[in-house]
Amino acid sequence: MRIIVQYWQAFLRRLDQLLQIYTLDETVGGRFRSEQISAIIRLTPLTVIANLINVSMIVYSYRDSAIHPLLVVWGCLLLGLIFLGARPWLILIRGHWRNQVSERSLRRAVTHAGLLGFLWGIVPLICAIHSNAANTLIISVVCVGMLCAGGFALATVPKAAILFCLLVGIGSELSLLFNPLLQRWDLALLLLVYCSTVIAAVITSARTFGARLMAEAEAAQQQQLVSLLLHDFETHASDWLWELDANGQLRDPSPRLASLLGRSLEELHEIPFTTLFQMHPEDGLGGEALSLLRERLRQGQAFRHLVVPVQAHNKACWWQLSAKPLLDRRGHLIGWRGVGSDVTEQRNAHREMNRLANFDALTGLANRYQFNNRLQQAKTSLRAEDKLFALLFLDLDNFKTVNDSLGHGVGDKVLQAVAKRLQKAIRKDDLLARLGGDEFALISWGEDAVSQAGQIAQRLLRCFHEPCQIDGLNLQIGCSIGIVLAPEHADQPETLLKNADMALYAAKSAGRNTFQFYERGMGDSAQRRLNLLNDMRRALESVPCIKPLCTYVDPHFRWQDQPLLPEFELHYQPQISLADGRITGFEVLTRWHHPERGTIPPVEFIPLAEESNMIIPLGIWVLVEACRTASHWPAGWRLAVNISASQFSHGSLVPVVKRALQLSGLAPTRLELEITESLLIQDAHSTRQILGELRTLGVRVALDDFGTGYCSLAYLRSFPLDQLKIDRSFVTALQQDASARAIVSGIIQLANALDLETVAEGIESPQEAAMLRDTGCRLGQGYLYAAPVPGHALDEFCRRYQQQP
């Protein structure tokens, strides 16, 4: 008996799973149940009419029979039950239907269907022994029709539909077996097949209905997430969105835009967009920009970062606009969509800086007096607002020799030329000052300045790569830089200046034309870094074709057939299509096997290479050799190469990429350069220009570790990118953290909206791969598929991987 009970319970569980048409989530379960029941209720008028006609037909057919009174009672009960179900229909058509329904209501619907099925199931049994041939035909046709119609009408609640069909079918089956006029086993079998077909159709229809509910819920959730992202963009970013119709009228202008203009929403609906902008009356500026705006709108051409004048709140302002045309399926212009930002403060700040008086007369830079004042202000901001900053001391190498041998006139021109170069290499909000003689100083504010002080120093050192041309002379001037960070190294101006001077002395002691951070004691750690740097330089300069690149990058540099770096090795990690598991390419990684210290982790030697500029020759070797290896891969495979900020801002990246492609014969479309979010932020104009040149070549650009930095959505729209790489921290947390899943889903939705490819890093389990694939991510890489493979073992790995089932 116990075994029978267990089998029965297992059967019920399996039946319940079979009839489960959606994955229940109580946040949407009530709405799903409401949709199920309302779909049935909408058919109430047809249900009432059909039952009324069928009941009337049966009662009338048996008007002379002995069971006529019983059929009258039966008909009244059935119609009463039908009309009882009409009450929810009245609620529905009056608009008072609830969008949340409990499981109890669903059970009531099943019970109601069961009662109807019972009443329709007993009528053929009642009439079985009091029928003639005509009445038997009527009963058979009506019951079979009700079985089919009931299954169709109740299909959205499969339990109700199946219960109704079973009860009607059982009653009809029994009447066929016990009706003395029929007793046909073949008809009974045919009815059984028909009933089973109707039930199967009910289950299929119910599952389709449930899948639609799930799809709608998921779409609504994704739409909500995208809306939240756009709302966050418009709320927290300095930009705003705008849209025009085909006639140039604003379409649904935002309250923020109306507030910025000082106009009502009604006014903005009634005036052409271009009439909002006009030349500034005091200086007549902006006429060319306005003409260009009108021309682009008239010709239907996209435009970016167009700065135009505007009158807002009776004040002269400047706005920066970007937009693209909206086209219908036939390519006809139907409007414009774009983004705008207020750049008035930046322009005014620039003009105000030109009016400041406390600048060095020779170079136009801030003088020592202004520098000391700003350093005191930085100290105050550090205490009151926790505003971090970096202080860099610069001292020209060999300047005294030039000044003494060629005279002070030439020396002054050298200082002016150096000042111009340095001004071009710093951020607008940073302060560059000439302290006297050949000494300069830079104060750079912000957490990014502190974390990227080494990169700032590299950018300044690159100003001295080319000689200064003075009066027909080519004068090679170098520079040493000392760096202190506030408050890490000190918070008092006097102490900061002293420590910066010590760091500058250390830079000069290290060989000049370099930079050094201040370190307490300048002890073992500094010595180890210096030794490691010397070993790296020795290893790179040991190869004849690489040695010249350590000092100067010739766009047409020569290359050996196999320029081996004995201590360095390239490894490749595959990137896999999540849809079908095929290899789509590899990311190249560098390993350093030191002859004495063993394997040195990349996290240790890569920053050192970037700080010392050794990343330039090392990066060239990696790029050229990886491209040569990739040129032997199948045509559909791509090569991903990480590019550091130092390589990007060195000025030689585009020529180096061209030369690498030329030497290897690799198609540009198969090369993908990976950059970080910080690179987009630190020098947006230069970065945009270089990315544009790479795009012209056909080289792809990927944004690495997306979501971990401070990159805004505006950067994704304004830079020519092809791919977003989802950081491994989000992938690792997918299974445990709902917020990580939401972020990953949002990134993929955003990438799809911007027509960008997505790659997930650090996949380590099949569950993570499945979740990413279901969310819409196209590519993935990680130890689930393979660890980075040495170059010499790559062919064997590919062969084994492709042989896997």
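Author: A salt bridge is a side-chain nitrogen of Lys or Arg within 4 Å of a carboxyl oxygen of Asp or Glu. Keep in mind that this is a predicted model, where local features need pLDDT of at least 70 and side-chain atom pairs count only at pLDDT 80 or more, while totals for chains, interfaces and linings use all residues. Residues are numbered from 1 along each chain as its sequence is written, and side-chain values use heavy atoms, with hydrogens and water left out.

Reader: Thanks! How many salt bridges does a search of the whole structure find?

Author: The search finds 19. In one of them, Glu587 pairs with Lys725, and the closest N and O atoms are 3.3 Å apart. Helices (H or I, at least four residues) and strands (E, at least two) are DSSP runs, numbered from the N terminus. Glu587 belongs to strand E13 (residues 583-594) and Lys725 to strand E18 (residues 723-726), so the pair links distant parts of the chain, 138 residues apart.

Reader: Which other residue forms a salt bridge with Lys725?

Author: Glu674 does, with 2.9 Å between the closest N and O atoms. Here strand E16 (residues 671-676), which holds Glu674, is linked to strand E18, and the two residues are 51 residues apart.

Reader: Are Glu587 and Lys725 buried or exposed?

Author: We call a residue buried under 20% relative accessible area, exposed over 50%, and partly exposed in between (1.4 Å probe, protein chains only). Both Glu587 and Lys725 are buried, and Glu674 is buried too.

Reader: Where do Arg778 and Glu757 lie?

Author: Their side chains meet in a salt bridge of 2.0 Å, N to O. Arg778 sits in the loop between helix H30 (766-775) and strand E20 (779-780) and Glu757 in strand E19 (residues 757-760), so the pair ties together parts that are 21 residues apart in sequence. Arg778 is partly exposed, with a relative accessible area of 41%, whereas Glu757 is buried at 9%. Both belong to a network of salt bridges that also includes Arg638, Glu672 and Arg700.

Reader: What about the nonpolar residues: which have the most contacts inside the largest core?

Author: In soluble globular proteins, nonpolar side chains tend to be buried together. A nonpolar core is a set of buried Ala, Val, Leu, Ile, Met, Phe, Trp, Tyr and Cys residues joined through side-chain atoms within 4.5 Å. The largest one here has 91 residues, and Leu639, Leu671 and Ile675 have the most contacts inside it. Helix H22 (residues 615-630) supplies the largest share of this core, eleven residues. Another core, of 60 residues, lies apart from it and includes Leu365 and Val414.

Reader: Which residues is Ile675 in contact with, leaving aside its neighbours within four places in sequence?

Author: Contact means heavy atoms within 4.5 Å. Among the partners of Ile675 are Ile643, Phe648, Leu691, Asp704 and Leu721.

Reader: How do I read a helix, say H16?

Author: An α-helix has 3.6 residues a turn, so residues three or four places apart point the same way. The expected span is 1.5 Å times one less than the number of residues. For the 18 residues of helix H16 (residues 408-425) that should be 26 Å, and the end C-alpha atoms are 26 Å apart, which agrees. The buried residues of H16 include Val410, Val414, Leu415, Val418 and Leu422.

Reader: And what are the totals for the protein as a whole?

Author: The protein has 31 helices and 21 strands, and buried residues make up 47% of its 805 residues.
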